[in-house]
Amino acid sequence: MHPPLQYRFLALKTVYSKPPKRMNYPRSGRRGYTQPDREGLTKCIRKSEERLNMKSLWDDQEAAQYQGDLGLRVYTSRLLGRDPSLVLHGGGNTSVKISESDILGAVQEILYVKGSGWDLESIDAPGFAPVRMDHLIALAKLDSLSDPQMVNELKTHTILAGAPTPSVEAILHAVLPYKYVDHTHADAIVTITNTADGPGRIREIYGDSVVILPYVMPGFDLARECARHFTAEAGPRTIGMVLLNHGIFSFGATARESYERMIELVKRAEQYLERKNAWILTTVAQEPPGPALRAEVAALRLRLSQLAGAPMIVAN
């Protein structure tokens, strides 16, 4: 049984914060996050409660300081990274497709995609890995590709030796037929999709403006599913793609268009939660726990730590 939206969102706020402790996964190189930081959590909650709906942070004077397609990709990536309700520290990814000449003068299309280990809030041009588009498109047509094989293909077809390892979602970015692509794990989107009737709610909110894909583990399998279904399901009104239990993509011909489409799509989700009385959550001051409750909390902390295999903190 899934909890009501109000409790789903509160739980999500409690679990996710910025910046959390980083945990490395073997084999695939993916990263996850555990043990929320209390200060970061407080900032996340305050930002959500200070505004009713998400707003674009685009500023013409600020944007003018960033030159070229990659420069504007850096700028709007940082705008996304400023809001912890969109991405966690190190989470989310963005890309831009650029045609450029190699040392022999041959023109090639390159996908500049966020590199692993970079944070959107502070990313700069070196944080984007330039990967050959033709190879990424060819990879998407394979029936299978293991994580080690995929990482090797991405790294060996990156055109700068010192570039970071491309995001595990690089192939997915490549198959989306748009110059700029933005991807976040927006709180409001995940809150809605992580319910029993999530797909129906998403369709109610967005109609035909987004393509909806079921949850698939990020990496090659997700990129393959996107390559197989996106073109068939996308229409003239499509401006985004929702991955159930994962997050949301937006895209556009310019950095501003892709970014502001993300803001608009997430704002619609926030407004939906607001109508359901599940967006602004108030907290009630509580009396300090008595000795009996403190003992129960200590026992709970001990049990959780034993199950987790590491010291855990329990906070009300």
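Let us start with two helices that pack against each other, α9 (residues 198-206) and α11 (residues 255-275). Their axes come within 10 Å and cross at roughly 115 degrees. An axis here is a line fitted to C-alpha atoms, for helices over the stretch in contact, and the angle runs from 0 to 180 degrees between N-to-C directions. The two helices are therefore roughly perpendicular to each other; angles under 35 degrees count as roughly parallel, over 145 as roughly antiparallel, 65 to 115 as roughly perpendicular and the rest as oblique. The crossing of α9 past α11 is right-handed, which is the term when the near helix is turned clockwise from the far one by less than a right angle, anticlockwise being left-handed.

Which residues make the contact? From α9 they are Arg201, Glu204, Ile205 and Tyr206, and from α11 they are Leu265, Val266, Arg268, Ala269 and Tyr272. Contact means heavy atoms within 4.5 Å. By class, this contact has 6 nonpolar, no polar and 3 charged residues. In that scheme Ala, Val, Leu, Ile, Met, Phe, Trp, Tyr, Cys and Pro are nonpolar, Asp, Glu, Lys and Arg are charged, and the others, Gly among them, are polar.

A word on the model is in order. It is predicted, so local features need pLDDT of at least 70 and side-chain atom pairs count only at pLDDT 80 or more, while totals for chains, interfaces and linings use all residues. Residues are numbered from 1 along each chain as its sequence is written, and side-chain values use heavy atoms, with hydrogens and water left out.

Now the whole protein. Of its 316 residues, 46% count as buried. Buried means under 20% relative accessible area, exposed means over 50%, and partly exposed lies in between, with a 1.4 Å probe and protein chains only. Among contacts between residues at least 6 apart in sequence, 67% join residues at least 24 apart.

I turn to the salt bridges. How many does the structure hold? There are 15, each being a side-chain nitrogen of Lys or Arg within 4 Å of a carboxyl oxygen of Asp or Glu.

One of them joins the side chains of Arg82 and Glu62, at 2.9 Å from N to O. This pair links distant parts of the chain, 20 residues apart: Arg82 is in the loop between α4 (68-81) and β3 (93-101), and Glu62 is in helix α3 (residues 60-63). Arg82 is partly exposed at 31% relative accessible area, and Glu62 is partly exposed at 23%.

Another salt bridge pairs Arg228 with Asp143, whose closest N and O atoms are 3.7 Å apart. Arg228 belongs to helix α10 (residues 220-233) and Asp143 to the loop between α5 (133-139) and α6 (147-156), so the pair ties together parts that are 85 residues apart in sequence. Arg228 counts as partly exposed at 47% relative accessibility, whereas Asp143 counts as exposed at 60%.

Glu264 and Lys267 both lie in α11, 3 residues apart, about one turn of the helix. They form a salt bridge with closest N and O atoms 3.6 Å apart. Glu264 is partly exposed at 30%, and Lys267 is partly exposed at 24%. Salt bridges that share partners also join Asp143, Asp221, Arg224, Glu225 and Arg228 into one network.

Next, the backbone. Most residues other than glycine have a negative phi. Asn245, although not a glycine, has a positive phi of about 60 degrees. Asn245 sits in the loop between β8 (240-243) and β9 (247-252) and is partly exposed, at 39%. Asn277 also has a positive phi, of about 55 degrees. Its place is the loop between α11 and α12, where Asn277 is exposed at 60%.

Finally, is Glu169 buried or exposed? Glu169 is buried, with a relative accessible area of 4%, and lies in the loop between α6 and α7 (170-175). Not counting residues up to four places away in sequence, Glu169 touches Asn93, His183, Pro218, Leu222 and His246. Ser305, in helix α12 (residues 291-308), is buried too, at 14%. Leaving aside neighbours within four places in sequence, Ser305 is in contact with Ala310, Pro311 and Met312.

Technical notes
Helices (H or I, at least four residues) and strands (E, at least two) are DSSP runs, numbered from the N terminus.
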